[in-house]
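Me: Hi! Could you walk through this model with me? I'd like to go through the packing bit by bit.

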Amino acid sequence: MCALVFIGTNGETYFNTVSLVSCVQNFPKSRGPVVGILKGFAGLSGAILTQTYAIFHSPESANLIFMVAVGPALVAIGVMFFIRPVAGHRQVRPSDGMSFTSVYGVCLLLAAYLMGVMLIEDLVTLSPIVITIFTVVMFVILLTPFFIPVSLTLSSEATTYAEQEALLPPSEKEEPARTEPDGNEVIFSEVEDEKSEGEDLLPASERQKRIAQLQAKLLQAAAEGAVRVKRRKGPRRGEDFTLGQALIKADFWLIFSSHLLGSGTGLTVIDNLGQMSQSLGYDNTHIFVSLISIWNFLGRVGGGYLSEIVVRDFAYPRPIAMTIAQVLMIFGHVFIGMGWPGAMYIGTLITGLGYGAHWAIVPATASELFGLKKFGALYNFITLSTPMGSLVFSGLIASSIYDSEAEKQARNHLTQFQSSSSFWFTRLYTEGPHKCEGAICFFLTCMIMGGFCAIAAILSLILVHRTKGVYHNLYGKSRTSTLS
């Protein structure tokens, strides 16, 4: 079993990396929606498989295991003949906005449908035929997005090469192949690095004029021997980094640490959701597992969509969306920790949204700051932060506090029954597994995780401050040309 789990989880990483890297490289102008949709369906997979399992019934669980084992491999083999790298003007189409909006609509419809179906199944006993019909409708909705690329492929002949070329700005149409920078390019790079943050807020024409003046002065001084132009070592933010180059950058570790604290606390809630709901007196714990899967999905889709609005419409750093998600998670942890009536539903909603948003925002941010060339290695290194956070918060903090509270309650019960109970009952009660009841079981854990989410939000704000100039250079020019 250990070997099978090891192979299976590593296989999931391959699926994740291949799909994410391929789509981000093919749609570099729509990174937020692409990552949000892909990670969103990954987050919704728990609810989809739960609904699929309902039509197999418990005695036939071997069929479900066989489907999970063989199905993904067949899908990968099937699509490998169709997915190809897309370059140049074909990366941007007039229909991209409408296409992503359509997929977003299908995502929301699927999430709402699954939530309604699960609530009905939880409240009413349904016949196997009705459950099968619900599952078939779910698969119809799930397959609807496939009609979008098919329709675009059939109508692609109507779009001429000239119309596609018109989508590109002149700088990208005439962009030559990259070569080694000459002396002038090095000087321009140094000027870009040394300019003040205030110049990034100037209009594009004025900013370029000032940079050109400084460049001319440096050229003249270098010709006279007054200054020596020093070539910059390594790429700048926004260019292509290798993993080794990124590991020595403070921005990379800010992303890593913020993701560790934010997603680590969210995964801790998901891992301990059964014990949390049982300690608060809920019998049907599976409903919370399905609900947080849906909120996780909506957080991933919404995080990608809203963060794209932030960078496209306002040219503001994408990590500000991660800050908002981490602030929301603080309230989610507080709701779960306080144990108020019905607070478990609200807590799982907020925590699921915030946790899911991390998986849409962080990959897009990493690709913008450190490039797409080595994005697979960078992304997978950052994802190491999630199991590390889960190990600390769930394996050490949550389990230790839960066991401590359970032992306290066991001692209190033992003191009450010791005088009237027999020796064998006392021994059985002492040696059996202890369960904790009440909000006290996870109160301290949730407060600690809320505090770490606050630290994560502060780290994200520091990253926002450090990358304002980068995002202005990446998106400010296109926004200025759009407004003009």
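Predicted model: local features only at pLDDT ≥ 70, side-chain atom pairs only at ≥ 80, totals over all residues.

Me: What does Gly264 touch, apart from residues within four places in sequence?
Reply: Gly264 is in contact with His259, Thr386, Gly389, Ser390 and Phe393.

Me: OK, on to whole helices. At what angle do the axes of H12 and H16 cross?
Reply: Roughly 160°, with the axes coming within 9 Å. H12 spans residues 250-271 and H16 spans residues 343-370. That crossing angle makes the two helices roughly antiparallel.

Me: Which residues of H12 and H16 meet?
Reply: From H12 there are Asp251, Phe252, Ile255, Ser258, His259, Gly262, Ser263, Gly266, Leu267, Val269 and Ile270. On the H16 side they meet Thr351, Tyr355, His358, Trp359, Val362, Thr365, Leu369 and Phe370. Sorted by class, the contact of H12 with H16 holds ten nonpolar, eight polar and one charged.

Me: And what handedness does the crossing of H12 and H16 have?
Reply: H12 passes H16 in a left-handed crossing.

Me: Now H12 against H20. How do their axes cross?
Reply: The H12 and H20 axes cross at roughly 150° and come within 9 Å. H12 and H20 are therefore roughly antiparallel, as angles over 145 degrees count that way. H12 passes H20 in a left-handed crossing.

Me: What's in the contact of H12 with H20, by class?
Reply: There are 13 nonpolar, six polar and two charged residues in it. H12 residues in this contact include Leu254, Ser257, Ser258 and Leu261, and among those of H20 are Phe452, Ile455, Leu459 and Arg466.

Me: Let me pick Leu459 out of that. What does Leu459 contact, leaving aside neighbours within four places in sequence?
Reply: Leu459 is in contact with Leu254, Ser257, Ser258 and Leu261. Leu459 lies in H20, residues 440-466. The C-alpha atoms of Leu459 and Leu261 are separated by 9.9 Å, and these two residues are 198 residues apart along the chain.

Me: Why does Leu459 count as buried?
Reply: Because its relative accessibility is 19%, and buried means under 20%.

Me: Switching to H14. Which residues does Asn296 touch, not counting those up to four places away in sequence?
Reply: Asn296 touches Gly43, Gly352, Tyr355 and Gly356. Asn296 is in helix H14, residues 286-314, and is buried with a relative accessible area of 7%.

Me: What about the loop between H14 and H15, and Ala315 in it?
Reply: Ala315 is in that loop, and H15 is 319-338. Phi of Ala315 is near 50°, a positive value in a residue other than glycine. At 10% relative accessibility, Ala315 counts as buried.

Me: One more pair: at what angle do H2 and H4 pack?
Reply: At about 20°, with axes 11 Å apart. H2 is residues 31-54 and H4 is residues 96-123. H2 and H4 are therefore roughly parallel. Their contact includes Phe41, Leu44 and Ile48 of H2 and Phe100, Leu110 and Val117 of H4. By class, the contact of H2 with H4 has 15 nonpolar, two polar and one charged residues.

Me: Finally, how many helices and strands are in the whole chain?
Reply: The protein chain has 21 helices and zero strands. Of its 484 residues, 39% count as buried. Among contacts with a separation of 6 or more, 82% are between residues 24 or more positions apart. The accessible surface comes to about 26400 Å², with 67% belonging to carbon and sulfur atoms.

Terms used. Residues numbered from 1 in each chain as written. Heavy atoms only, no water. Helix = DSSP H or I, 4+ residues; strand = E, 2+ residues; numbered from the N terminus. Buried < 20%, exposed > 50% of the residue type's maximum accessible area, 1.4 Å probe, protein only. Contact = heavy atoms within 4.5 Å. Axes fitted to C-alpha atoms, helices over the stretch in contact; angles between N-to-C directions. Parallel < 35°, antiparallel > 145°, perpendicular 65-115°, else oblique. Left-handed = near helix turned anticlockwise from the far one by under 90°. Nonpolar A, V, L, I, M, F, W, Y, C, P; charged D, E, K, R; others polar. Areas by Shrake-Rupley, 256 points an atom, 1.4 Å probe, with all protein chains shown as cover.
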